Amino acid sequence: MKERSVVNVAVATLWTTPQSPRKRDEEILSDPVDMEKWIAPQDYESLLELCDRNLIQSQLLFGTEVNVVGIEGDWSEVVVAEQPSSKCADGYPGWIPSSQLSREERKVPKDGYAIVNVPFTELEYENGRMKLSYLTALPVINQTEEAVRVQTPKGPGTLRVDDIVFSSRTIPDVQGDGAAIVKDGEQFLDLPYLWGGMSAFGYDCSGFSYNMCRANGVIIPRDANDQALHGKKVPLDALAPGDLLFFAYEKGKGAVHHVGIYHGDGVMIHSPKTGKTIETLLLKGTYYEEELCEARRYWKD
């Protein structure tokens, strides 16, 4: 089977299997989800478990279209085309509770999309309110000076004009340069790392680089190891702000395990690991300096 559906919660988690969720994950398995209530009580060990036990693959924002390729009980096996991956030619694979999907095909709207360009904004719709994350994209119905009416999986809703940008597609039309990628990243300084994170509630390292590039009109692969294979290869002595830096085990000769964004003057901005927050870091004298193995440019110079 192959059926198009749309995410109908603020942030849907893409699980490795239907058996992956733990009892403490109930807040993000229903409709609506409560990301803050889920994250807040978790200690270091429980957050690390998301990675160490390979429980989570990625996340999807409200309104994201997926292809449903299988059903198992209350779960849908999906592929996410807008998150390119070497794991599947059609996009990123994983599982989502079926209750978090609406069986409908997203049509290209005649008036384009409203894309959230602040960390969070509030959607008002007929049956309630929803806190939406950065880069959520919804079809435009119409607008006034202060508000834009959008179509959502829960019916028509309203967003503040000041919190969005308009685009003909689900990513911004204007492709920003490297400096713009860095500037967008800076608004998330001190945000805690979240394994699999793809929203303003928390990013992992490659989720951070993916979304800052997306904010500037470019879709790149979802994972660091794939990101390191595409884009324009940049010599390590010719780096410019906005370039992606890749780090590998065995002092740069092993497998790629991390990505950061070059900030300039020997500094990168990145989402380090569980227990840490998004930061700027001078590479010199750190183990990152020893592990730096590759740089790629996805912005147009």
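In which helix is E250 found? Let's start there and then tour the rest of this predicted model, one close-up at a time.

**View 1. E250 and its positive phi.**
The answer is helix α6, which spans residues 249-252 and holds E250. Although E250 is not a glycine, its phi is positive, at about 55°. Its relative accessible area is 62%, so E250 counts as exposed, the cut-off for that word being over 50%.

L135 belongs to the loop that runs between β10 (128-133) and β11 (137-143). Its relative accessibility is 6%, and because buried means under 20%, L135 counts as buried. Keep L135 in mind, as it returns in the next view.

**View 2. The largest cavity and the residues around it.**
The structure holds 1 cavity of 30 Å³ or more, and the space in the largest cavity comes to about 140 Å³. Its lining is made of 17 residues, and L61, T64, E82, L135 and R214 are the closest to its centre. Strand β3 (56-61) and helix α4 (205-214) each supply at least two residues of this lining.

**View 3. Helix α4, mostly covered.**
Now look along α4 itself. This helix is mostly covered, with 10 of its 10 residues buried. R214 is one of the residues closest to the centre of the largest cavity, while F208 takes part in the ring cluster of the next view.

**View 4. A cluster of aromatic rings.**
Find the rings of Y134, F188, Y203 and F208: ring pairs link these residues into a cluster. The model has 6 aromatic pairs by the rule used here. In one of them, the ring centres of Y203 and F208 are 6.1 Å apart and the planes meet at 55°, so this pair is tilted. Both Y203 and F208 are buried.

**View 5. A lysine over a ring.**
K131 lies over the face of F120, 4.4 Å from the centre of the ring.

**View 6. The two sides of helix α2.**
Helix α2 covers residues 44-52, and its buried residues include S46, L47 and L50. These three span an arc of only 100° around the axis, which puts them on the same side of α2. On the face turned away from the buried side of α2 you will find the exposed residues E45 and D52.

Y44 has its place in helix α2. With a relative accessible area of 43%, Y44 is partly exposed. Along the chain, Y44 and T274 are 230 residues apart, yet their C-alpha atoms are separated by 7.0 Å.

**View 7. The largest pocket and what lines it.**
The volume of the largest pocket is about 710 Å³. Its lining counts 30 residues, with C51, Y193, W195, C205 and H257 the closest to the centre. Several elements give two or more residues to this lining: α2, β3, α4, α5 (224-227), β19 (256-264) and α7 (287-291). The lining residues divide into 14 nonpolar, 10 polar and 6 charged.

D31 and P32 are joined by a cis peptide bond, with omega at about 5°. P32 sits in the loop between β2 (11-15) and α1 (35-39). Helix α1 is also the place of I39, which counts as partly exposed at 22% relative accessibility. To finish, look from I39 to L194: these residues are 155 apart along the chain, and their C-alpha atoms are separated by 8.9 Å.

Notes. Residues numbered from 1 in each chain as written. Predicted model: local features only at pLDDT ≥ 70, side-chain atom pairs only at ≥ 80, totals over all residues. Heavy atoms only, no water. 1 Å grid on protein atoms, 1.4 Å probe; cavity = no way out; pocket = protein on both sides within 12 Å on 5 of 7 lines; lining within 4 Å. Points joined across faces, edges and corners; volume = space filled by probe spheres on them. Helix = DSSP H or I, 4+ residues; strand = E, 2+ residues; numbered from the N terminus. Phe/Tyr/Trp six-rings, centres within 6.5 Å; stacked < 30°, edge-to-face > 60°. Buried < 20%, exposed > 50% of the residue type's maximum accessible area, 1.4 Å probe, protein only. Lys NZ or Arg CZ within 6 Å of the ring centre and 35° of its normal. Arc of directions from axis to C-beta. Nonpolar A, V, L, I, M, F, W, Y, C, P; charged D, E, K, R; others polar.
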